[in-house]
Amino acid sequence: MHVDDGESTARGRWRLGLPWWGVLGLAALGLPRAVAHDLGLVGPAVNAVLVFGPVLVWIAVAVLGRLQRPFAALLAVGLVYGLLLAVAHQVLWMQGFAGDPPTLGGELAGVLPPAAESGVLRAAAFVSSVATGALVGAVSGAAAWLLSRLLPQRPR
């Protein structure tokens, strides 16, 4: 029997259990923390809420929504979050460092022209942000997967 999987949105929902806009919406929940952090707008207590709140929402959506593949879904959310985080940090680069961006140190200090040095540091920060998002997605996906296995299944 041939099953028509339709357009990419249907395919994406079938594979992840979330539509693309759900992945993007969940990932965007983490943006306020990146902006607030880079601009120094909040203290430790609010920052903690902005760090853990979105991740708890991700896990709740995966578990309560009974996603078939919570790990894959939240890994995708984490990757998109990492990309959004990377872009936010690039846009707010100077503000995030209070106008004094980092420089290479040690044996690399002063070796590269300033523009190249800035490019290397910005590229490293971009990769780091995406890796952080992927790690947060993987950990939250693993937690959601485990919780979904431990909680009793509701009849559909």
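**Aromatic pairs and one backbone feature**

1. Phe-97 has a relative accessibility of 35% and therefore counts as partly exposed. The model is a predicted one, and the remarks below should be read accordingly.

2. Over the whole structure, a search returns two aromatic pairs. In one, the ring centres of Trp-58 and Tyr-81 are 5.7 Å apart with the planes at 75°, so the arrangement is edge-to-face; the cut-off for that class is an angle over 60 degrees. Trp-58 belongs to helix H4 and Tyr-81 to helix H5, so this pair ties together parts 23 residues apart in sequence.

3. How buried or exposed are the two partners? Trp-58 has 1% relative accessibility and therefore counts as buried. Tyr-81, at 11% relative accessibility, also counts as buried, since the limit for that class is under 20%.

4. Trp-93 and Phe-97 form an aromatic pair as well, with 5.0 Å from centre to centre and 65° between the planes, which is again edge-to-face. Trp-93 is buried, its relative accessible area being 7%, whereas Phe-97 is partly exposed at 35%.

5. A separate point concerns the backbone at Arg-66, where phi is positive, at about 50°, although the residue is not a glycine. Arg-66 is located in the loop that runs between helix H4 (44–64) and helix H5 (70–91). With 22% relative accessibility, Arg-66 counts as partly exposed.

Definitions and conventions:
Residues numbered from 1 in each chain as written. Predicted model: local features only at pLDDT ≥ 70, side-chain atom pairs only at ≥ 80, totals over all residues. Heavy atoms only, no water. Helix = DSSP H or I, 4+ residues; strand = E, 2+ residues; numbered from the N terminus. Buried < 20%, exposed > 50% of the residue type's maximum accessible area, 1.4 Å probe, protein only. Phe/Tyr/Trp six-rings, centres within 6.5 Å; stacked < 30°, edge-to-face > 60°.
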